[in-house]
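Trainee: I would like a close look at one part of this model. Please take me through the pocket and what surrounds it.

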Amino acid sequence: MTDENNNEPQKKAVDDEVLREMEGVPEHLRGDTDEDSEESSLDDALGKLKGDLETAMQDVLYARAETQNVRRRLEKDVQDARNYAATNFARDILSVADNLARALDHVPDELREHEKAKNFISGIEATQRELEKVFAGNGITRIAAKGMPLDPNQHQAMMEVPSDEVEPGTIVQEMQAGYMIKDRLLRPAMVGVAKKPD
């Protein structure tokens, strides 16, 4: 009996120490429950952790996909900026090309044979060829119009011309040349389109 009494204060001290260490530990994780409930608590905790891990993995995958999409969009924007940076300047310079073409179209044949005018006209033609070369080097191409079917994405119909020689909707006259810059419309071609005669 004295042995039991001697162990009692020591056992109480151990119990107090265990209680102090268990403070703040959630109930379902404490070891003072029976073994079945402890096992089910561990299974529940493990299931919750697995669910949290799967959710976190999904979030990481979504974040990676979003980052990749943003990177691709930025790369496309940078590429577009490089490809189409000269668009406004190109639109402005098209009027110079138009005026140069009109000037050459209105030179009479007898003036082309005149000795003094011949060199001047040759210089204007060389300038026009150089301008076309610069356009081609920068991805600016002329839109095919005359004889083609009307394409509202590239042509702007300005008038209808009665004709029984070609199918209705075919371009029979080009009033102003249209141009593309790479794969984008720079300026539509202004055209006259055939229609059935009245």
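How many nonpolar, polar and charged residues does the lining of the largest pocket have?

Mentor: A caution before the counts: this is a predicted model. The lining of the largest pocket has nine nonpolar, four polar and six charged residues. The volume of this pocket is about 410 Å³. Its lining takes in 19 residues, and the closest to the pocket centre are Asp 98, Ala 101, Arg 142, Ala 177 and Tyr 179.

Now the elements behind that lining. At least two lining residues each come from α3 (87-105), α5 (115-137), β1 (140-142) and β3 (171-176). The largest share belongs to α3, which gives six residues. Start with that helix, then.

Helix α3 packs against α5. Two packed helices are described by the angle between their axes and the distance between the axes. For α3 and α5 the angle is about 145°, and the axes lie 10 Å apart. The crossing of α3 past α5 is left-handed. On the α3 side, the contact uses Ile 93, Leu 94, Ala 97, Leu 100, Ala 101 and Leu 104. On the α5 side, the residues are Ile 121, Ile 124, Glu 125, Thr 127, Gln 128, Leu 131 and Phe 135. By class, this contact between α3 and α5 has 10 nonpolar, two polar and one charged residues. Note Ala 101: it belongs to the α3 contact with α5, and Ala 101 is also among the residues closest to the pocket centre.

Next, the sheet that holds β1. Strands of a sheet pair through backbone hydrogen bonds, either parallel or antiparallel. Here three strands form an open sheet in the order β1-β4-β5, and the pairing is antiparallel. From one strand to the next, the twist averages 35°. Helix α3 packs on this sheet and touches β1, β4 and β5. The direction of α3 makes about 45° with that of β5.

Strand β4 (residues 179-181) is joined to β5 by three bridges, and the two run antiparallel. Met 180 has Leu 185 of β5 as its bridge partner. Tyr 179 stands opposite Arg 187 in β5. Two residues lie between the strands in the hairpin of β4 and β5, where Lys 182 takes a positive phi near 55°.

The remaining lining strand, β3, sits in another sheet. That open sheet of three strands has the order β2-β6-β3, with mixed pairing. Its edge strands are β2 (155-162) and β3, and each pairs on one side only. Neighbouring strands of this sheet are turned by 30° against each other on average, direction ignored. Seven bridges join β2 to β6 (residues 189-195), and these two strands run parallel. Within β6, Gly 192 stands opposite Met 159.

Back to the pocket, then. Helix α3 provides six of its lining residues, packs with α5 and touches β1, β4 and β5.

Note on methods:
Residues are numbered from 1 along each chain as its sequence is written. This is a predicted model: local features need pLDDT of at least 70, side-chain atom pairs count only at pLDDT 80 or more; totals for chains, interfaces and linings use all residues. Side-chain values use heavy atoms; hydrogens and water are left out. On a 1 Å grid over the protein atoms alone, a cavity is a set of points where a 1.4 Å probe fits but cannot get out, and a pocket is an open set with protein on both sides within 12 Å along at least five of seven lines; lining residues have an atom within 4 Å of a point. Grid points are joined across faces, edges and corners, and a volume is the space filled by probe spheres set on the points. Helices (H or I, at least four residues) and strands (E, at least two) are DSSP runs, numbered from the N terminus. Ala, Val, Leu, Ile, Met, Phe, Trp, Tyr, Cys and Pro count as nonpolar, Asp, Glu, Lys and Arg as charged, and the others, Gly among them, as polar. Two strands pair if DSSP finds at least two bridges between them. Axes are lines fitted to C-alpha atoms, for helices over the stretch in contact, and angles run from 0 to 180 degrees between N-to-C directions. Contact means heavy atoms within 4.5 Å. A crossing is left-handed if the near helix is turned anticlockwise from the far one by less than a right angle, and right-handed if clockwise.
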